[in-house]
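These are my notebook entries on a single model. I record what I looked up, entry by entry.

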Amino acid sequence: MNEIFSEKIGLNVSEAANLLGISKNLMSELIKYPDFPCIKFRRRIVINKNKLQDWFDKNSGRFFV
């Protein structure tokens, strides 16, 4: 396999929730925010792994309701 493609850059909801240490249900709520780094393909959601950390840092201290 080509080295460029050896690491995933897109995560599914479960993988991203696990990475942040939150529930899958909470991750499903976060993806509804317009600035959340994901792409929606019909029912499939792919979260940008590289931008997830930036989004988290930018939103630290923010309260989501």
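**Entry 1. The Lys32 pair.** I began with Glu29, which is partly exposed at a relative accessible area of 42%; I call a residue buried under 20% relative accessible area, exposed over 50% and partly exposed in between, using a 1.4 Å probe and protein chains only. The side chain of Glu29 meets that of Lys32 in a salt bridge, with 3.1 Å from N to O. I take a salt bridge to be a side-chain nitrogen of Lys or Arg within 4 Å of a carboxyl oxygen of Asp or Glu. Lys32 counts as exposed, at 57% relative accessibility.

**Entry 2. Basis of the values.** The model is predicted: local features need pLDDT of at least 70, side-chain atom pairs count only at pLDDT 80 or more, and totals for chains, interfaces and linings use all residues. Residues are numbered from 1 along each chain as its sequence is written, and side-chain values use heavy atoms, with hydrogens and water left out.

**Entry 3. Other salt bridges.** How many salt bridges does a search of the whole structure find? I recorded 3. One of them joins Glu7 to Lys49, whose closest N and O atoms are 3.4 Å apart. Glu7 lies in the segment before strand 1 and Lys49 in helix 3, so this pair ties together parts that are 42 residues apart in sequence. Helices (H or I, at least four residues) and strands (E, at least two) are DSSP runs, numbered from the N terminus. Glu7 is exposed, at 52% relative accessibility, whereas Lys49 is partly exposed at 29%. I also noted a salt bridge between the side chains of Lys8 and Glu15, at 2.8 Å from N to O. Lys8 is partly exposed, with a relative accessible area of 44%, and Glu15 is partly exposed at 30%.

**Entry 4. Helix 1.** Which residues of helix 1 are buried? In this helix, residues 13–20, they are Val13, Ala16 and Ala17. They lie on the same side of helix 1 because they cover an arc of only 100 degrees around the axis, the arc being that of the directions from the helix axis to the C-beta atoms. An α-helix has 3.6 residues a turn, so residues three or four places apart point the same way. The exposed residues Asn18 and Leu19 are on the face turned away from the buried side of helix 1. The buried residues pack against strand 1 (10–11), helix 2 (24–30), strand 3 (44–48) and helix 3 (49–59); contact here means heavy atoms within 4.5 Å. At the start of helix 1, a side-chain oxygen of Asn12 reaches to within 3.0 Å of the backbone nitrogen of Ser14. Gly21 follows helix 1 and has a positive phi, near 75 degrees.

**Entry 5. The nonpolar core.** I next looked up the largest nonpolar core, which has 13 residues; Met27, Ile31, Phe36 and Ile47 have the most contacts inside it. Such a core is a set of buried Ala, Val, Leu, Ile, Met, Phe, Trp, Tyr and Cys residues joined through side-chain atoms within 4.5 Å. Helix 1, helix 2, strand 3 and helix 3 each give two or more residues to this core, and the largest share, 3 residues, comes from helix 1.

**Entry 6. Met27 and Phe36.** Met27 lies in helix 2 and counts as buried, at 0% relative accessibility. Leaving aside neighbours within four places in sequence, Met27 is in contact with Val13, Ala16, Ala17, Leu20, Ile22, Phe36 and Ile47. The C-alpha atoms of Met27 and Ala16 are separated by 7.4 Å. Not counting residues up to four places away in sequence, Phe36 touches Met27, Leu30, Ile31, Ile47, Leu52 and Trp55.

Definitions and conventions
A polar contact is a pair of N or O atoms within 3.5 Å; within protein, one must be able to donate a hydrogen and the other to accept it, and residues adjacent in sequence count only if both atoms are side-chain atoms.
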